[in-house]
Amino acid sequence: MRFVVVGAAGRMGQALIRAIAEAENCELIAAIEREGSDALGKDSGELSGLGANGIAITDDPIACFARCEAVLDFTAPKATLAFAELAAQARIVHVIGTTGLEEDDIKKLDAAARHARIVRAGNMSLGVNLLAAMTKKVAAALDADFDIEIVEMHHRHKVDAPSGTALMLGEAAAEGRGISLKDHGVFSRHGITGERKRGDIGFATLRGGSVIGDHEAIFAGTGERFVLSHYAGDRSIFSRGAVKAAIWAFDKKPGHYSMADVLGLSD
Ligand code: NAD
């Protein structure tokens, strides 16, 4: 399978290039960065710590998309929407790890998924997707006497909050409870907030250091607390998941899939 990595010089872009090199029957054919990036012209293998692979980073996705079966995209919302149009035109697999996408953006991706096979997840790791499935089950089993709080911590460079994964856990909890996160999510607290409302799903965001991604779903009852947690120690859990998602989507019909579909966790 032939891959293009967009955002190739980013933290995840480099991890994706390493994951493709490690995967069987997978080949990197192009590496793309934004116009004006310092990385343009550099060898993508060298940049990602693999040693030279002869694939220089370019800013021209159109020619590359026509020659590949899948594009791996962990960039930024605006870039991802533009890549989704190109991937739909080329009828290829588009694996999206970018977070911070708004409701309107998701609608545009749904439209692109009429032609492309999109797999999108706020977190591509097996562990976190299991965590989401368990969060949904526990939220369904425990009633609103148990207050749900989602806590996350990420490195100091992260620009969006709460994390895509925290939102995914919040959605899973809301689904389990049969409520909407839009109506029950509480995304910040400051000053005299009043008492916590029964049935709310709270979020707390921590930022600092080099933390790759810690997530907890806390179910706090009277006199007891049930906590589901996941701590990412290495970006390769996301990049390996992204390659796995692309291979899975290769023979699927056009559509907008999730990592739960890839891992057989959707019900
Ligand atoms: P980063 O800033 O290190 O990398 C992003 C790269 O995308 C940069 O090199 C940037 O130049 C490039 N880029 C931006 N616009 C572009 C464009 N138009 N064309 C080509 N390249 C472009 O960030 P990161 O830590 O690698 O994270 C990237 C995204 O992935 C974020 O949204 C982050 O939250 C998300 N993420 C998702 C998962 C997951 O499992 N889904 C895991 C980790 C990070």
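Is the crossing of helix 4 and helix 5 left-handed or right-handed? It is left-handed, where left-handed means that the near helix is turned anticlockwise from the far one by less than a right angle, and right-handed means clockwise. Before going further, keep in mind that this is a predicted model, where local features need pLDDT of at least 70, side-chain atom pairs count only at pLDDT 80 or more, and totals for chains, interfaces and linings use all residues. Residues are numbered from 1 along each chain as its sequence is written, and side-chain values use heavy atoms, leaving out hydrogens and water. Helices (H or I, at least four residues) and strands (E, at least two) are DSSP runs, numbered from the N terminus.

Let's stay with that helix pair. Helix 4 and helix 5 pack at about 15 degrees, and their axes are 9 Å apart. That makes helix 4 roughly parallel to helix 5. Here the axes are lines fitted to C-alpha atoms, for helices over the stretch in contact, with angles running from 0 to 180 degrees between N-to-C directions. Angles under 35 degrees count as roughly parallel, over 145 as roughly antiparallel, 65 to 115 as roughly perpendicular, and the rest as oblique. On the helix 4 side, Pro-77, Leu-81, Ala-84 and Ala-88 meet Asp-105, Lys-108, Leu-109 and Ala-112 of helix 5; contact means heavy atoms within 4.5 Å.

Now look at helix 5 by itself. Spanning residues 103-112, it has Asp-105, Ile-106, Leu-109 and Ala-112 as its buried residues. Seen down the axis of helix 5, these fall within an arc of 110 degrees, so they line one face of the helix; the arc is taken from the directions from the helix axis to the C-beta atoms. Buried means under 20% relative accessible area, exposed over 50%, and partly exposed in between (1.4 Å probe, protein chains only). What covers those buried residues includes helix 4 (77-90), strand 5 (93-96), strand 6 (117-120) and strand 12 (255-257). On the face turned away from the buried side, you'll find the exposed residues Glu-103, Asp-104 and Lys-107.

Back in helix 4, pick out Leu-86. Leaving aside neighbours within four places in sequence, Leu-86 is in contact with Pro-61, Ile-62 and Phe-65.

What about the cysteines? A disulfide is a covalent bond between the sulfur atoms of two cysteines. The rule used here asks for a pair of cysteine sulfur atoms within 2.5 Å, and by it the count comes to 0 disulfides. Cys-64 is in no disulfide, as its nearest cysteine sulfur, that of Cys-68, is 7.9 Å away. Seen from Cys-68, the closest cysteine sulfur is the one in Cys-64, too far for a bond. Cys-64 is buried at 7% relative accessible area, and Cys-68 counts as buried at 6%.

Most residues other than glycine have a negative phi, and most peptide bonds are trans. Asn-25 is not a glycine, yet has a positive phi of about 55 degrees. You'll find Asn-25 in the loop between helix 1 (11-22) and strand 2 (27-32), where it counts as exposed at 68% relative accessibility. Arg-91 also has a positive phi, about 60 degrees, without being a glycine. Arg-91 sits in the loop between helix 4 and strand 5 and is partly exposed, at 46%. As for the peptide bonds, a cis one joins Ala-161 and Pro-162, with omega about -10 degrees. Pro-162 is in the loop between strand 7 (147-154) and helix 7 (164-177).
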